[in-house]
Amino acid sequence: MVVSPRAVMGHGDAHRTAENLFETQSVVQIREVETKARNDIEDKKHQLRQLVGGSYRDLIDSADTILSMTTCCEAAVAQVVGIQRDFAQLTNSVSKVPHSKSRRNQSGTHREQLFAVGSRVKYLVDTSELLWGCLDTQDYFDAAHRYLRASEVHRLLVGTASASMARFPLLRHQWPSIEALKGQILEGTQQRLRAQTHLSAQDAAAALAAASFLDQLTSSQALELFLDCCRHRAVQPLAAAAKGQLSASNLQDLLTKLAATVQEVVTQVGQLFLQPVASAVAPLLVQQACEDMSSGELMFSPLPGQERSQEAEAWQEVRKVTMKRLAPMPQATASSACQSWLEHLAKDTVKHCLAPMAACITPADFALLEGHLQAAINQWQPPPAPPAAEPMTLAATPRLSPLTPLKQSPFEPAEAQSSGVPEAWEGVCDWVLGKRLDLWQQLFEQPFLQRAQDLIKALFQGISKDFHTPLQDCLKAAQQAPPAAPGGYYAPQWPEQTELGVLANQLGDISRTAGASSRSYRLRKRPRHGKGDTEGSSRLVDGWRGLLEGVCLQVNQQLKEGLRGSQLLLGKQDQGKASAARDDYISSSPTFRQENTNQRALQLQPFIQQQCSDAVQSMGQELDTQLKQLGQPGMDLDGAKLVEQALLLGRLSDSLGSKNTALSLIMGPPEVWQAPEGPTLAPQRAGQRPSALDSRAAAKNPGAVLHEALQQQLRNVTLKAYQLWADWAARGLCMELQAALESDAALTSPVPLQAWEETVIAQV
């Protein structure tokens, strides 16, 4: 083996490197170098094996590819040879056939028949793609026409050239998929009619005409379909809003859009199914159904056994039957259908409108919403109709020829006319319904009435709830007041040291609005001396009366505020004190329905009196409950405190029943509600018998009966409180009398008493 000098030099270098390592490195370091060198050697071996193996696999794949190419080339050469052989045989066979004229005629006839069948098959095969394109662009009218024309072509083709159909197996597999598109077209028309986007009368006519052609609908059935879809379109936003929370502005937009939708639907019913006012123009649905811009598609060659093509005649017959079903309907039919639709829509509105109406939190919001909606209804105008290039009038319909467009046969071009749609809502109602329709009363009065009742109920329930805190504060102050001994001549005064600010905070928001200078909260000092006042100092004799008067003033003020808020819900103004926004809306609406608001007032006035009665009755029940919780007072200082609280409850009950002017006003005739600050009926004192005039007025006013029941309830509470005080005072006086008798020496003296004229009375 010959070793190259380069290898010898490399080996020598490695030997010297190894010697240097042993001279300069330790044994441990040398072993690490050895380990690293062995690992590098193994990695290089693995990489070398991978390289050799990959090259070997590439060599095998290249060999296989070369073999496959060889096989393919041999097969291609064989096919080319076969083609050349077949062409040679074909040339020989054609040269041997006799060229007779009859043979050529038969061959030409066969090709013409095959072309006639093939052109129809191509028309049917292309229908699927065209229908999908119409569905994508929402052109349902053209889709319905194309589907019906294809159906007629398929029916005649299968019945006439069934033998030739065997050469087109693709049509047998594709026709069921074309028939399935009919359902999608009908579904698309309904979705278009139910869409929340603006639907013009022209778009509605196109969708209804498509559904009428496919489902063979009459004009009455088409009207029913249109109203059903419009009902879904009108109710869907309300149903969606019922699941969430709306602001007052959003609710206003929602109801305004609902009213405009209903008015547009009624107008479109007249445009689609009725003749315009004072015009011979045909309804829009009939005009849309007459359009046929693709009749030339059916000009095929005649099939075997036919003298001419029958597809055009069959299509014209379909159109003729459809036009007969879509004849203009009488106004009575359209009016009856619209009235029924409005009734069902009103029920849906009441069902779904209660939750969104919660956005009206205050009576002012309610009045603003009502005024805006009334103005929107009164100021609504029909949308302008698109300009018609060639209006058509109803004329005598001649017999249709196969190639005559229906558009020119039953309709003759008329002179330029207006759309025939009235310019105001009242005119639309006279045109479509045959009478005036109050849309507010039909659609919105019931939900607004229910919301008004909820607001009234909340107003008076808030009054009864706000009564609890001032009452508890007064009872607490009475309990903490220094009482007098049982049997004292003068009742004690409490609290002797009370600041006005504390009283104002205890009385709540109403007391703060009354102001610090109000007569109800001023503590007036009146000097009064009694036997029990050993120091001779003056007391605040009416401090607790001031608190009592403050509570009564709070209730009275809240009842007046409740009445003012309720008047905004009645739908009429209260001597210029209604909302300014509502005044603007009413002034801008000259046809404001005052009679409807009067009907609502007739329903709400007894409801207001009933809710006020329930609120005051709840206060009376709370006073009675507090009185029962006091129990029987004892003859000690704690008993005196209980009696003081009982006196407060009794006087408060008496003030609520006899001195509450707002209660007398609300329970009185509703005619006097217009001026809650003006002259009112004089409050009836507890125990006072009503006069004959008052009895006759009570018979006419149901609120008087409720008022009498409230006064009787509060009078009973007052009598219970005073009876508790009277029993306690009588027992105290009896105890003092008994003690005086027991301490009187004259009664126990054995000496007879002197005569009355001999008795000397000492001056004290």
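Start at D203. With a relative accessibility of 33%, D203 counts as partly exposed; that term covers everything between buried, under 20% relative accessible area, and exposed, over 50%, with a 1.4 Å probe and protein chains only. D203 sits in helix α6. Helices here are DSSP runs of H or I, at least four residues long, strands are runs of E, at least two long, and both are numbered from the N terminus.

Before going on, the ground rules. This is a predicted model, so local features need pLDDT of at least 70 and side-chain atom pairs count only at pLDDT 80 or more, while totals for chains, interfaces and linings use all residues. Residues are numbered from 1 along each chain as its sequence is written, and side-chain values use heavy atoms, with hydrogens and water left out.

Back to D203. Which residue does D203 meet in a salt bridge? The partner is R192, at 3.3 Å, N to O. A salt bridge here is a side-chain nitrogen of Lys or Arg within 4 Å of a carboxyl oxygen of Asp or Glu. R192 belongs to helix α5, residues 169-194, and D203 to helix α6, residues 201-215; the two are 11 residues apart. R192 is buried, at 15% relative accessible area.

As a reminder, side chains of opposite charge can pair when their charged atoms come close. The structure holds 13 salt bridges. Two others are worth a look.

One is R600 with E370. Their closest N and O atoms are 2.6 Å apart. R600 is in helix α20, residues 594-630, E370 is in helix α12, residues 363-379, and 230 residues separate them. Buried or exposed? Both R600 and E370 are buried.

The other is D624 with K720, at 3.7 Å, N to O. D624 is again in helix α20, K720 is in helix α24, residues 702-743, and they are 96 residues apart. D624 is buried, at 16% relative accessible area. K720 is partly exposed, at 39%. There is a network too: salt bridges with shared partners join E370, E445 and R600.

Now helix packing. Take α15, residues 468-480, and α21, residues 637-658. They pack at about 145 degrees, with axes 8 Å apart. Axes are lines fitted to C-alpha atoms, for helices over the stretch in contact, and angles run from 0 to 180 degrees between N-to-C directions. The crossing is right-handed, meaning that the near helix is turned clockwise from the far one by less than a right angle. From α15, the contact uses L471, C474, L475, A478 and Q479; from α21, it uses K641, E644, Q645, L648, L649 and L652. Contact means heavy atoms within 4.5 Å. By class, that is 7 nonpolar, 2 polar and 2 charged residues. Nonpolar takes in Ala, Val, Leu, Ile, Met, Phe, Trp, Tyr, Cys and Pro; charged is Asp, Glu, Lys and Arg; the others, Gly among them, are polar.

Next, the loops. V277 lies between α8 (248-273) and α9 (284-290). V277 is partly exposed, at 41% relative accessibility. Which residues does V277 touch, leaving out those up to four places away in sequence? They are G420, P422 and W431. G427 is 150 residues from V277 in sequence, yet 9.6 Å away in space, C-alpha to C-alpha.

Two backbone values to check. Most residues other than glycine have a negative phi. Q138 has a positive phi, near 60 degrees. Q138 is in the loop between α3 (101-136) and α4 (140-160), and is partly exposed at 48%. Q216 also has a positive phi, near 55 degrees. Q216 is in the loop between α6 and α7 (219-241), and counts as exposed at 55% relative accessibility.

Last, the whole chain. The protein has 25 helices and 2 strands. Of its 764 residues, 40% count as buried. Among contacts with a separation of 6 or more, 80% come from residues 24 or more positions apart. The accessible surface is about 42,900 Å², with 55% belonging to carbon and sulfur atoms; areas come from the Shrake-Rupley method with a 1.4 Å probe, and for residues only the protein chains shown count as cover.
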